[in-house]
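Take a look at the protein chain shown here. Keep the sequence at hand while you read.

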Amino acid sequence: MLVLSNLISKLKSQKITMNMVSLIIFVSLYFAVVFNYPINEKIYLLSQGNGLFLFLTPAILTCAFIIIFSIIAVPYLFKGIVIILTLTSSMAFYAALQYNTMFDYAMIENIFETNVGEASSYLSSTSIGYFIVFGLLPSLFLLKVTVIRNASWGKELFHRAALMSVAIVGLLLISVFYFKDYASIGRNNSYLNKMINPADAFNTVKYINNEYLTAPLDYITIGEDAEVIPAKNGKPTLMIVLVGETARAQNSAYNGYQRETNPYTKDLGLIAFQNTSSCGTATAHSLPCMFSNMVRTNYNRDRANNQDDVLDVLTHAGVKSVWIDNDGGDKAVAKNIEKVMISDTSSNEFCNGSSCYDEVLLQGLDKRIQNTTGDQLYALHMIGSHGPTYWKRYPENMAVFTPACNRSDIENCSDEEITNVYDNTLVYTDYVIAQTIAKLKSYSDKYNVVMLYISDHGESLGENGLYLHGAPYMIAPKEQTHVPFYIWMSDDYANQKGIDKASVVKKAATGQYSHDNLFHTMLGLYGVKTDAKDNALDIMAIHS
């Protein structure tokens, strides 16, 4: 810290002068060479080690940045714009370098909708160091720069136009001689443009425009004709939906994982759907998608926010629906129903000061159930396996696999430690699922009881250099899109609802499913009749 303090003091005492053309060149080189090192390295590797690409890609990016910065180089504003880009790009640079994160629109959407507690989990000495070295110090340098004008405004504009012309000529020359090389790489790796830093700036502007500056779509009501088909025994239905967080199917014992990550439910008769894919790779995208009636290929977040989802349809059917959240927000899924946020992270026995263990979701549930009559549904939004602070997702006495990575900068942990800590989160989630089933069983004399668990997306644990989640779907590895999906129901429940349980069990092992099925399957599982339900997507109807 003393070295940093001395360095900042020296910067404050220095007087630096540059003309606008020099500043544009300097900033363009910094962004092209430093902040875009990940894409420079990636293209070099994709070129199979062609040394020319070590220089060509930074040259292309430098020319492109010169053109962009020349256009936005408005006197008195340019330094401020560049400083903001430098500070944000330093954080994006860290994420790209350490986790191979790409900042497409979906990632920006996820960042904006991340709460303070969740965002703080990404802080570490390494991430702060990157911010200081590559963001703060260059920004302080820019603050000290005095932009001087050595000529008239006319000549200044001429010099800037000349600089842009040189950059354009440079791009044209490179394209003439190396177009086929780059076209070949780009055609087979269309995600590369998402790696350019600060691509996040464009997507941020786009997100702000869509969310705050664009008039919302007209609201659409769905399934007003919905009604619950009475069970033969006359009992109302009690359903609990556990909305998992960041659980990947590859580490589930039900999906063939060699470790016992489902020790608490293995004898409870869960139906595990082996092949289930997510709608997205981040909560902000997947959560509203999975509860909507849209399929992944035509999903639109704006439309999802302005129409009924499956919880609303169930409400139309007379079901008392409640959303209880331990993961920072419902992403507008519970916009029309009762919502309970777990916010007290200090005084509760299931909380550790910064977050709460998922057992907290079951607290007070008995009182709610007992004070409500008729059909009920509780959607419990779990914090599950949310990283990188995996060790904070389970109590210490649930640490089955050791040694574990008990730090947020997981890139400094071994593969074994990362796998161990992640698997511990799955074991604890399994414990919560078992506790939920036990609670439902205690109400089986008064209700027809059923439970559904499904994760919003998966997680990368270092495979192919990827960590965490949020990769663009078209290139996302299966670790981020293959999710666990479990249903528990008693034989009596299946009989009362007319569900062929044996057929469901059989097909769950071989069928292909996705978040597209959730809307319609929840209605079918609950026993709701409505024109809004597509039987072709209702797993219960498919197999009944």
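Predicted model: local features only at pLDDT ≥ 70, side-chain atom pairs only at ≥ 80, totals over all residues.

Residues are numbered from 1 along each chain as its sequence is written, and side-chain values use heavy atoms, with hydrogens and water left out.

**Annotated spans**

The unreviewed UniProt entry lists residues 20-39, 51-69, 76-97, 128-145 and 157-179 under "transmembrane region". Such positions follow the numbering used here, feature names are shortened, and annotations may be inferred rather than shown by experiment. Residues 128-145 are 94% helix and 6% strand, and their end C-alpha atoms lie 24 Å apart. Residues 157-179 are 100% helix and 0% strand, with 31 Å between the end C-alpha atoms. Helices (H or I, at least four residues) and strands (E, at least two) are DSSP runs, numbered from the N terminus.

**A covered helix**

Buried means under 20% relative accessible area, exposed means over 50%, and partly exposed lies in between (1.4 Å probe, protein chains only). Among the buried residues of α19 are F519, H520 and Y526. G527 follows α19, and its phi is positive, near 90 degrees.

**Backbone exceptions**

Most residues other than glycine have a negative phi, and most peptide bonds are trans. Where are the cis bonds from N197 to P198 and from T402 to P403? P198 sits in the loop between α9 (153-188) and α10 (199-213). Omega for the N197 to P198 bond is near 15 degrees. P403 belongs to the loop between β9 (376-381) and α15 (415-441). The T402 to P403 bond has an omega of about -5 degrees.

A332 is not a glycine, yet its phi is positive, near 75 degrees. A332 is placed in the loop between β7 (320-325) and β8 (338-341). Its relative accessible area is 27%, so A332 is partly exposed. L468 also has a positive phi, near 60 degrees. L468 is part of strand β12 (residues 467-468). With a relative accessible area of 6%, L468 is buried.

**Charged residues**

Side chains of opposite charge can pair when their charged atoms come close. The structure holds 10 salt bridges. A salt bridge here is a side-chain nitrogen of Lys or Arg within 4 Å of a carboxyl oxygen of Asp or Glu. The table gives some of them.

| Pair | Closest N and O atoms |
|---|---|
| K339 and D330 | 2.9 Å |
| K439 and D366 | 2.9 Å |
| D538 and K533 | 3.0 Å |

Is D330 buried or exposed? D330 is buried, at 6% relative accessible area.

K439 and D366 form a salt bridge. This pair links distant parts of the chain, with K439 in helix α15 and D366 in helix α14 (residues 365-370), 73 residues apart. K439 counts as buried at 16% relative accessibility, while D366 counts as partly exposed at 29%.

D538 is buried at 2% relative accessibility, and K533 is buried at 18%. Salt bridges that share partners join K320, E338 and R368 into one network.
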